[in-house]
Amino acid sequence: MPVELQNMQCVKQTTDFPRRPLSELEVLDHIHGTIVLQPANGTPFHNFGYWDAGDACLGQWLVVFNRIQKHFDAGGDFTYEFPYPDQGDPRLQFIVIGKSVVIRTTYYFDDSWADVEETSEQSTTRAEFETLIADALELIENTVLSASPSNGAAWLERNRGG
């Protein structure tokens, strides 16, 4: 499957941030797990996780995927930079030019983002990436609504972003 969500759990907003099953979702919870976007060439894209591959914040990525989708809908070339860097995180850019997409990840030696340690790039076609983003948005919505019919719609509305 080109798009997968794995091990999704609610992260409760209490002092110890316990992880609970997605069926216990409340509107103010975070949802964390693994997001896999895998193009036809078989190499999954960027590790979408916060602390590791299994710790992607679904709410953040819902906003990012929606914004990228809006850029696709508007047409033309664009560069979208992940807007949630944290200390020590790399710089993540989605560069769409013509019929191609490059995902560039730049790692730095420290939090100043002054000295580049390493840069890696992955690429695919615009059409394939646009399909992966649309599929990811649909899967996120279906997963949240299926797991939590009572709170899923309100959680999605709160986390979609502009």
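1. Glu-24 is partly exposed, at 32% relative accessibility. (Buried means under 20% relative accessible area, exposed over 50%, and partly exposed in between, with a 1.4 Å probe and protein chains only.) Glu-24 sits in the loop between β2 (19–21) and β3. Leaving aside neighbours within four places in sequence, Glu-24 is in contact with Cys-10, Lys-12 and Asp-29. Contact means heavy atoms within 4.5 Å. Glu-24 and Asp-110 are 86 residues apart in sequence and 38 Å apart in space, C-alpha to C-alpha.

2. A word on the source. This is a predicted model, in which local features need pLDDT of at least 70 and side-chain atom pairs count only at pLDDT 80 or more, while totals for chains, interfaces and linings use all residues. Residues are numbered from 1 along each chain as its sequence is written, and side-chain values use heavy atoms, with hydrogens and water left out.

3. Next, the helices and strands. Both are DSSP runs numbered from the N terminus: helices are H or I with at least four residues, strands are E with at least two. Helix α1 covers residues 58–74 and helix α3 covers residues 152–159. Helix α2 spans 126–147.

4. Take α1 against α2. Their axes come within 10 Å and cross at roughly 140°. Axes are lines fitted to C-alpha atoms, for helices over the stretch in contact, and angles run from 0 to 180 degrees between N-to-C directions. That angle makes α1 oblique to α2. (Under 35 degrees counts as roughly parallel, over 145 as roughly antiparallel, 65 to 115 as roughly perpendicular, and the rest as oblique.) The crossing of α1 past α2 is left-handed. Left-handed means that the near helix is turned anticlockwise from the far one by less than a right angle; clockwise is right-handed.

5. Which residues make the contact between α1 and α2? From α1 come Leu-58, Leu-62, Phe-65, Asn-66, Ile-68, Gln-69 and Phe-72. From α2 come Arg-126, Phe-129, Glu-130, Ile-133, Ala-134, Ala-136, Leu-137, Ile-140 and Val-144. They divide into 12 nonpolar, two polar and two charged. (Ala, Val, Leu, Ile, Met, Phe, Trp, Tyr, Cys and Pro count as nonpolar; Asp, Glu, Lys and Arg as charged; the others, Gly among them, as polar.)

6. Look at Gln-69. This residue lies in helix α1. Buried or exposed? Gln-69 is buried, with a relative accessible area of 15%. Not counting residues up to four places away in sequence, Gln-69 touches Glu-130, Ile-133, Ala-134 and Leu-137.

7. Now α1 against α3. They pack at an angle of about 60°, with their axes 9 Å apart. The two helices are therefore oblique to each other. Here α1 passes α3 in a right-handed crossing. Leu-58, Gly-59, Leu-62 and Val-63 of α1 meet Trp-155, Leu-156 and Asn-159 of α3. Five of the contact residues are nonpolar, two are polar and none is charged.

8. Then α2 against α3. The angle is about 140° and the axes are 8 Å apart. This pair is therefore oblique too. Ile-140, Glu-141, Val-144 and Leu-145 of α2 meet Gly-152, Ala-153, Trp-155 and Leu-156 of α3. The contact holds six nonpolar residues, one polar and one charged.

9. On to the core. In soluble globular proteins, nonpolar side chains tend to be buried together. The largest nonpolar core here has 36 residues. (A nonpolar core is a set of buried Ala, Val, Leu, Ile, Met, Phe, Trp, Tyr and Cys residues joined through side-chain atoms within 4.5 Å.) Ile-35, Leu-37, Leu-58, Trp-61, Phe-65, Ile-68 and Phe-129 touch the most other members. At least two residues each come from β1, β3, α1, β5, β6, β7, α2 and α3. Trp-61 touches Ile-35, Phe-48, Ala-56, Phe-82, Leu-92 and Phe-94, not counting residues up to four places away in sequence.

10. Check Asn-7. Its place is in strand β1. Asn-7 counts as exposed, at 62% relative accessibility. Phi of Asn-7 is near 55°, a positive value in a residue other than glycine. Most residues other than glycine have a negative phi.

11. Last, two partly exposed residues. Gly-42 lies in the loop between β3 and β4 (56–57), and its relative accessible area is 35%. Gly-42 and Gly-152 are 31 Å apart in space, C-alpha to C-alpha. Asn-142 lies in helix α2 and is partly exposed, at 39%. Asn-142 and Tyr-107 are 35 residues apart in sequence and 34 Å apart in space, C-alpha to C-alpha.
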